[in-house]
Every structure is written in C-alpha cells, then in structure tokens.
Amino acid sequence: MKDQRQHHPPSWALQFVEWYCKPGLVEDLTGDLHECFERNVQLHGPRRAKLIYIIDAFKFFRSYTVRRSIFVNLFMNRIMIGSYVKTSGRNIMRNKLFSFINILGLAISMSVGLLLIAFLLDLRSYDRFHKNGERIYRITNILTSNSEENGKFGSTSIKTGKLIREKVAGIEQVTTMRSDFSGDAKVGDNTVPIKGYWAEPSLFHLFTFPMVEGNPETALKDPYSIVLTETAARKLFGNQAALGKALKIDTLVYQVTGIMKDIPFFSHISFEALVSLSTAEQTNKGDKSFDAWTNMWSNYVYVMPSKNADMAAIRSQLNTLSTEENLAEENDKIQLELLPLYNIVVGESLQQSEGGPGFVGPHMSPVLLWILGGLAFIVILSACFNYTNLSIARAMRRVKEIGLRKAIGAGNSQVRLQFLAEAIMISLASLLLSFLLFLILRPLLINMAPEMQRTVQLSLTPAMVAVFILFSVAVGIIAGFIPAIFFSKISPINAFGNISSMRMFKHLTLRRTLVVVQYTVTLIFITTTAVGYVQYKNILAFDLGFNTTNILNIDMKDNKPDAMLKELSEMPEVTALSRSLITTGVGNAWGGNMKYKDSRDSVLVMTNHVDENYLPLHDYKLLAGGNFIARPATAEAVGEVIVNQQVLKRFNIGANNPGKAIGEQVTLNGRNLTIVGVMQDFHYGKVENLMGPVAFTFWTPDDRAIISVKIRSTDMPATMARIGSIWKKIDRVHPFSAEFYDEEIEDAYSEFSTMIKIIGFLSFLAISIASMGLFGMVVFTTETRLKEIGIRKVMGASIGNLIYLLSRGFLFLLSVSALIALPVTYIFFQTVVLPNFPYHTPVQITELFVGLLGVLLIAFIMIGSQTWKAARSNPVAVLKNE
Amino acid sequence: MKGTNLGEFEELVLLTVAALINEAYSVAICDELSNHTGRSVKLGVVHAVLNRLEEKGLVKSELGEATQARGGKRKRFYELTMQGKAALVNAKAMRDQLWARIPSLVWKNT
C-alpha cells in the first residue's frame with residue numbers, strides 16, 4: 001500500500017484541467033480523476049494509470065466544463081494568428097538586410113543542431129531491434145588486482161556464464177560469446193577471411209537475430225558447427241545453397257548448420273559467422289585456464305532476467321557468486337555488474353583488455369555527447385542573440401505599431417504571441433536553408449573519421465524530420481523570447497508620445513552584454529582551436545625517443561616473414577629491414593610480469609619482441625651493453641633481454657647504473673633472462689602516458705611479424721606499388737596492409753584531430769554568426785546617426801574623427817570580450833587539458849593572440865567599411881529630407 | 001416539452017442516484033451503473049449527464065467533506081429533487097400503462 005502512495009497523476013494534466021475547467025466544477029472533477037487514477041494504479045500499474053488520466057483529462061474538455069473566456073481567447077487567437085503571419089511576413093520583407101542576417105545566422109547554427117540531432121537519434125537506435133532488448137544485460141567485470149582497482153571491463157570469463165546459468169535464480173536466458181574467431185575459410189579454391197564469435201545456442205533466444213535456414217535450437221550445439229550471415233555465405237558459396245556444406249578454416253573442417261540474416265547496422269555486436277562454443281571447448285581441452293574465473297579477457301556474457309524479475313535479488317546473487325569465487329584467488333578479485341543493453345553504445349567507458357583481442361564496438365561516452373551538445377547549443381544561442389539584438393535595436397520603428405495594437409485592445413499576451421510568431425516564422429524559414437546545409441555537411445561529418453563511418457549513417461527518417469521541426473520551433477521561441485517580453489511591456493501612451501523619452505537606454509546594457517557574450521564565446525572557440533592545433537602538431541612532432549621517418553610497417557597477418565624479407569632486401573630503395581611483434585608508440589601494448597631478486601615483487605612491464613636489426617633501424621639509444629648476441633629460433637631458447645632505464649629504476653638494478661646492470665638476471669613471465677643492453681627511456685605508449693618500464697626480447701618465428709622497412713626513395717608511389725606487388729605474390733587472400741610509421745602515429749591521435757576539426761568548424765560558424773550580428777548592429781547605429789554625422793561634418797569634423805566616434809563603442813565591447821576570453825582559454829588549457837599530457841609544451845602567447853587578431857581584423861573590416869561609408873556621405877543629401 | 005422527458009441513460013443515472021441515497025457521487029454512480037447494466041460506463045459520460053440533469057432541475061448537488069483518497073478533493077453528492085422524483089414516477093407510470101396494454105397472447109405466439 002505504501003508503495004502505491006508514491007504514484008501521482010501527471011501534474012501537467014492536472015494543471016491543464018484546472019486551467020480550462022469552470023471554477024465551480026474543478027474540485028469534484030479533479031477529485032474524480034484522482035480517485036480513478038488510484039484505482040487504476042492498483043489495477044493496471046502506474047504507467048497505464050497515468051495514460052488513462054491524461055486521456056480522461058482531455059475527454060473532460062467539453063462545452064459544459066470549459067470556461068467561457070477560454071473559448072473566446074482560442075477563437076480570437078485563431079483569427080489573430082493569420083494577422084500575425086501577415087504582418088510578420090511584411091516585416092521580414094521590409095527589412096531585407098536584417099531578415100537575411102537573421103535567417104542566414106540561424107540557418108548556419110541550426111545545421112549544427114540538425115547534425116547533432118541526427119547523430120543522437122542514430123546512437124539511440126542502437127540495439128533497439130532486439131525484441132527483448134529492455135530486459136537484456138551484459139555482464140561487466142570490475143577487476144581489482146593486488147587491491148588496486150584496475151577498472152571495469154565489458155568482458156568476463158566463460159565460467160561466469162556457466163555459474164549464472166547454474167546458480168542465479170530469476171534469469172531466463174544466458175549466453176556467452178567468445179570473441180575473435182577469425183581465420184581464412186576455404187571452400188574449394190575460394191578463400192575468404194572470416195571474423196566472428198564462438199557462441200551458444202541460447203544466443204538465438206536472447207537476441208533477435210533471425211535465421212533464414214537451419215534450426216536455431218541446434219545450429220550452435222555440436223562442435224565444428226558454423227552459422228554464416230547471408231553475405232558471408234554468398235562470398236563463400238556464391239549462389240549455391242550453403243546449408244550442410246563443409247568449409248575449412250586453418251586445419252579444422254566446419255559444417256554450415258545455419259544461415260542467418262545480416263546483422264543490422266545499428267547493432268553493437270557485428271560478425272560474419274558464429275561458431276559453436278563447444279568447438280572452442282574442444283580445442284582448448286587441455287588448457288585449464290580456458291574457463292578459469294580470472295580469464296576474463298575475451299568473453300562476453302549476456303543475460304536476460306525473466307519478466308518481472310527482482311533485479312535487486314539478481315544483483316545480490318551475483319555478488320555472492322563472485323565473493324565465493326574470489327575466495328580461491330590470491331591476487332585478482334572480480335566483481336560482477338549488469339550493464340543494460342541499451343547503455344552499451346552510449347554509456348560509461350569500459351576498458352579494453354590490453355594486448356588481448358579487442359571488442360571494438362561503437363561507443364560514445366555521454367560526457368562527450370554533452371560537450372558536443374553544449375558547444376552546438378552555444379553556437380545556436382549566439383545566432384539567437386543576433387535575433388534578439390537586432391529586433392530590440394529596431395524596436396523604435398515598431399513602437400507605433402504596437403501602441404496602435406494595444407490601443408485597439410490587444411493584450412500583453414497577444415503582443416507576445418505576435419513576436420513569438422514572427423521569430424518562429426524566421427526560424428522555420430531558416431530550417432529550410434539549414435536542411436540544405438545539413439545535406440551538404442552530412443557526408444563531410446561521416447567521412448571525417450573511420451569510426452564515424454562505422455557508428456552512424458545519419459539517414460533521414462520521419463521521426464527525424466519531426467524532431468527537426470520541433471527543434472526549429474524551439475529555436476524560434478528562444479530567439480523571440482526576449483523581444484516578445486520587451487515589446488509586450490510597451491505602454492500605448494508612451495508609444496504615441498515622445499519616443500525618445502522611453503528609449504531603450506535601459507536595454508542598451510542588455511544588448512551590450514549579449515554582444516560581449518557572443519564575442520567572448522567566439523574568441524574562446526577560436527583560441528581553443530589555435531592552441532589545440534599547435535598542441536596536436538607538437539604531439540605529432542614529439543621526440544618519442546626513436547626514429548620513425550620513412551619507415552614502412554607491413555603487417556604480415558599470419559604469413560611467415562622470410563619470403564617477404566628476401567624479396568624486399570633485393571629492392572634498391574630499401575636500406576634496412578627488421579621484424580617485431582607489435583608497433584609501439586601508437587597505443588598498442590604487450591605486457592608481461594617481471595621479477596628481479598625479490599620473488600614477491602613483480603611488476604607489469606611493457607614488452608616487444610624484436611629482431612637484431614630493430615634497434616639500429618629505429619635509432620634506439622643504448623646507454624650500455626649492446627644488441628642481442630644469441631639468435632634463438634624458438635621462444636623457449638630466448639635468454640636475453642634489453643631493458644630501459646625505468647626497469648633499472650623500478651628494481652634498483654645495479655644501483656641505477658646502466659653499466660652495472662649488464663649481466664644481471666631478471667625473470668619475465670617466469671623465464672630467466674640476462675640483461676644484455678640498457679636503452680634510454682622512450683615512449684612505448686602514447687604521449688599522454690608516462691614512460692614506464694619496457695623490456696625487449698628476441699623475436700622468434702612463432703611470433704606474429706610486423707616488418708619495418710626503412711626506405712630511401714625519390715618516387716614513393718612507385719616503391720609502394722612494387723612492395724604491394726611483392727605482397728600479392730606471397731598472400732593472395734588478404735589485402736596488403738602497410739602504413740608509414742609517421743602516419744600510424746597520426747592515426748593514433750586521430751581523436752584529437754577530429755576534435756580539433758569539430759571545434760574549428762564550430763569556431764568558424766561562431767565567427768560568421770557573430771560577425772553578421774555585429775555588422776547588423778553597425779549598420780543600424782550608423783543609419784540612425786546619419787543626421788548627426790551630417791551636422792558634425794558641416795561643423796567641420798574630419799572623417800577620421802567620425803570613424804573613431806562611430807566605432808569607439810564597438811571596439812570597447814570587443815576588448816572587454818578579449819579580456820575575458822583569453823585568460824579563460826589559457827586557464828582552461830593549463831589546468832584542465834594539458835595536465836593530462838605529462839610531456840606537453842606550455843601554451844605560447846602567439847597561439848593565444850592569433851585567433852584574437854583574426855577576429856578583430858574581421859570586426860574592423862565590418863565596422864570600418866560601414867562607418868567609412870557613413871562618414872563619407874554628403875551632408876546635403878542626408879540633411880535635406882525631413 | 002423536451003425539458004422534462006428523460007432519455008434512457010438519463011433515467012438509469014437518475015435511478016442510480018435515487019438508489020445510492022447518501023452515497024451518490026459521480027464515481028460511485030459510474031461503478032453502480034457498470035455493475036448493474038454490465039456495460040462499460042465512462043466517467044466523462046456520467047459527468048455530462050449529471051450536469052444536464054442538474055440543469056433540468058431533476059437533481060441537486062452539494063460538496064461533501066474532503067477525504068484523503070481523492071488527493072484532498074471534495075466529492076459532489078447528488079440528490080433527487082421533487083421534480084426528479086416526479087419525473088421517475090412519471091416514467092414508470094407511463095411504462096406500466098403501456099405494459100398493461102399488451103395482451104398476454106402476444107408473448108405466447110412468439
């Protein structure tokens with residue numbers, strides 16, 4: 001009973017009834033509604049009850065309940081709206097320049113809003129195609145190792161799935177997906193690389209992935225079963241039926257047991273094939289760690305609680321379950337959490353397992369969306385300010401009209417409505433223009449970054465169009481709000497009396513404030529762009545501690561590198577070659593546990609497997625010792641390691657003296673290694689990470705290979721084409737994937753360049769909008785002061801004097817904004833952004849002032865040209881007509 | 001004489017008001033009607049009818065005490081007026097007369 005007390009009928013519906021209902025009837029009517037509502041809460045639940053309440057509230061809107069005055073008002077307004085549209089239209093046509101500034105400014109700023117709306121709607125439509133989507137959750141693992149919080153992971157262990165199925169009550173379906181099933185599928189002569197997951201039969205119960213052929217109940221049951229998407233099946237088998245056929249991946253033969261529809265674009269999971277999880281269980285039979293509790297790096301467990309399940313009970317069961325399992329673990333403690341399916345794409349950021357297989361689905365953090373939304377809002381607001389400013393500045397010309405309207409009986413609310421209607425008309429007109437801009441900008445936005453292409457389509461839907469229109473009406477209301485309030489307050493007596501006595505002197509402050517705010521925002525935008533760009537360039541040019549110029553990194557996929565190396569070494573342009581496991585300095589990582597003398601003190605060090613040519617090719621600086629001496633052919637035979645200074649510092653090897661560290665023994669992942677060289681510290685991770693301990697061991701043929709090629713060539717495209725044709729000889733299936741080291745570094749920081757592009761674009765818009773607004777204001781003030789200028793000229797004022805007189809006020813406003821904007825940007829970068837980058841260069845004065853100069857220059861041209869024109873006007877022409 | 005004639009639903013509502021005596025307010029009337037007639041009766045319709053009956057002077061109403069159950073809102077209780085009673089009696093008498101005129105033979109043949 002207590003629980004139901006908390007439900008209240010929707011207050012707006014109640015207010016609606018109270019608004020329209022006759023005072024005599026309102027009490028028992030709302031009482032009746034309330035009584036029915038409480039009954040419906042019991043019968044149908046609070047949601048239905050609220051809906052019924054709202055419907056009833058509208059149903060009671062009848063001739064006998066409604067107050068007379070409301071009918072009259074509604075009727076009047078319907079007539080008047082026609083008149084408002086007409087006068088607004090005339091007004092828009094009469095002041096072409098102001099209408100143009102307003103419409104163009106709003107259109108430009110609204111196009112940003114439209115893009116953002118389309119973007120948000122796309123993100124919101126992720127995973128909505130699952131019928132039971134509301135009930136689906138993914139298990140999140142919170143890992144604490146050695147009582148140090150390691151963060152949240154979207155992945156979990158296979159054991160988790162099993163335990164939940166066995167022990168947790170109230171769960172209808174559980175399914176485990178194991179990531180990174182990939183290989184080359186062979187059918188006859190046809191070889192196609194395929195990617196997917198190991199999955200369980202329950203997947204088809206939980207998710208809505210329709211099967212075209214085959215039985216969803218059994219398709220993923222037996223080992224060596226594979227389910228293909230329609231596209232994958234077509235690639236492999238052409239137009240022939242695929243069901244029941246066999247295909248070979250690596251050395252194993254799989255049977256096609258099902259064909260399913262292609263995965264929709266807006267799905268956070270995407271794959272070409274599913275292989276039964278029992279296959280993975282078979283192939284990993286001997287491996288104890290396969291379903292260990294702490295092996296949580298590449299499996300995803302999705303659960304679907306039964307309808308009306310008690311989520312609190314399920315959560316506490318999960319807690320008990322993890323507590324039990326954690327008892328057996330020494331170092332790693334894992335907590336389980338539920339993440340709703342709809343919060344996977346837009347939700348908190350989860351960690352990727354480092355070095356392990358990635359689950360790089362689309363993801364967008366709400367914080368970033370809020371920032372983007374905030375920036376777009378600021379730009380839109382700036383355009384609204386233009387409207388507000390220009391309307392109020394022109395108020396004098398319309399005071400008589402309003403006075404007349406009021407004198408013949410218009411109320412304040414009607415004047416307000418009139419000005420809102422005008423603003424909304426302008427904003428709807430700009431919606432048309434901004435929609436065109438939206439169509440132009442859309443491909444640019446999508447192609448800005450590869451992640452964008454994978455995440456959104458931005459295609460038009462009816463819902464989107466409806467939101468666009470609502471949005472433009474909202475913008476109109478925001479823009480027209482202040483003018484509407486302002487005009488509705490004008491009293492008819494003043495309007496016909498001496499206008500100058502009631503002039504907008506009070507509102508001058510408002511207008512000045514708006515201009516200052518506008519320019520402050522613009523300046524912040526543009527200086528942020530400038531500073532951000534310089535910082536970004538600094539990151540790219542940053543000395544990582546090794547050389548990256550003219551080095552091409554070729555990913556060998558699963559091929560042995562020997563043949564490729566031989567071919568490459570015969571090319572004259574190639575000056576050096578080396579092999580390594582991964583490319584460092586771009587965010588890749590491969591870790592291992594290192595111990596020194598104290599067997600309890602283990603440290604995570606970043607590693608790479610490199611061959612003897614790697615260090616000289618990349619110009620790593622050795623402080624002591626030398627390159628690898630032995631050339632072991634198997635991983636077991638590796639006995640040497642080259643470490644960086646951080647390792648010495650961490651373990652205090654040889655009292656931090658590189659020379660003394662040579663010959664010391666360390667263990668890495670349980671293997672004893674001798675230090676043969678000490679490198680100077682360098683950036684293994686990205687520039688924003690601190691330099692940590694790194695160890696290089698020798699590359700052996702079992703490892704994956706990345707070939708680094710140092711090239712000296714005058715004709716790069718030809719050289720690249722030659723290398724590409726060599727690749728074709730070695731691997732016909734996989735596309736050639738090679739990239740220059742410098743470009744890889746650029747890609748690694750692409751999020752920064754994307755961010756800078758976005759802010760740069762917004763600042764461009766902000767400048768254009770603010771400049772247009774300023775232009776309008778200058779035109780207006782010079783126009784109203786033409787006579788004054790004429791008289792001053794007659795009295796002997798020079799053009800220089802006049803320009804100074806006219807532009808003085810604006811220059812003052814601009815300097816105020818500069819005084820606010822520059823320190824704010826500077827402090828923002830120094831205290832918020834740059835502390836995230838331990839190796840940053842400080843913000844320079846030049847970057848701060850470049851933007852300011854640009855904005856000022858544009859403003860000067862705007863002000864100067866208009867005041868120049870006014871100052872040069874012939875006093876005779878201005879003064880003669882009165 | 002449109003004003004004094006009772007519609008079918010109006011008659012039902014009027015009868016219910018009479019039957020409920022001191023408990024005759026809109027929601028109760030609505031429930032009672034649904035129970036006895038077996039059709040789903042909408043609150044809005046009952047409200048409108050009560051309002052019309054009051055305009056015709058067949059019922060009169062006054063607000064009762066505030067109760068907690070209705071969000072602190074008072075109920076409007078309805079009561080038959082003399083005219084209302086007369087109208088009901090009138091309607092019944094008219095029907096009885098008509099019934100009495102049907103010869104019993106009619107029923108047997110069908």
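# Worked exercises on a two-chain predicted model

Over residues 15-88 of chain B, the chain is 53% helix and 20% strand, with its end C-alpha atoms 8 Å apart. Helices (H or I, at least four residues) and strands (E, at least two) are DSSP runs, numbered from the N terminus. UniProt, in an unreviewed entry, places "domain: Transcription regulator PadR N-terminal" at residues 15-88 of chain B; UniProt positions follow the numbering used here, feature names are shortened, and annotations may be inferred rather than shown by experiment.

This is a predicted model, in which local features need pLDDT of at least 70, side-chain atom pairs count only at pLDDT 80 or more, and totals for chains, interfaces and linings use all residues. Residues are numbered from 1 along each chain as its sequence is written, while chains are lettered from A and ligands numbered from 1 in the order in which they are written.

## Exercise 1: chain A as a whole

Task: find how many helices and strands chain A has, and what share of its residues is buried.

Solution. Start with the elements: chain A has 29 helices and 22 strands. Next, its C-alpha trace spans about 100 × 80 × 60 Å along the principal axes. Then turn to burial: of the 882 residues in chain A, 36% are buried. A residue is buried if 20 or more other C-beta atoms lie within 10 Å of its own, exposed if 12 or fewer, and partly exposed in between, with C-beta atoms placed from the backbone.

## Exercise 2: two helices side by side

Task: describe how α6 and α12 of chain A pack.

Solution. First, take the geometry: helix α6 (residues 96-124) and helix α12 (residues 366-393) of chain A pack at about 165 degrees, and their axes are 9 Å apart. Axes are lines fitted to C-alpha atoms, for helices over the stretch in contact, and angles run from 0 to 180 degrees between N-to-C directions. The angle therefore makes α6(A) roughly antiparallel to α12(A) (under 35 degrees is roughly parallel, over 145 roughly antiparallel, 65 to 115 roughly perpendicular, the rest oblique).

Second, look at the residues that make the contact. Those of α6(A) include A:F98, A:I101 and A:L116, and those of α12(A) include A:L372, A:Y387 and A:L390. Two residues are in contact if their C-beta atoms, placed from the backbone, lie within 7 Å.

Third, sort by class: the contact has 14 nonpolar, 7 polar and no charged residues. Ala, Val, Leu, Ile, Met, Phe, Trp, Tyr, Cys and Pro count as nonpolar, Asp, Glu, Lys and Arg as charged, and the others, Gly among them, as polar.

## Exercise 3: where the chains meet

Task: work out which element of chain A gives the most to the side that touches chain B.

Solution. Begin with the contact itself, where 14 residues of chain A meet 14 residues of chain B. On the chain A side, α3 (23-44) and α4 (46-59) each supply at least two residues. Of these, α3(A) gives the most, with 9 residues. By class, this side of chain A has 3 nonpolar, 3 polar and 8 charged residues.
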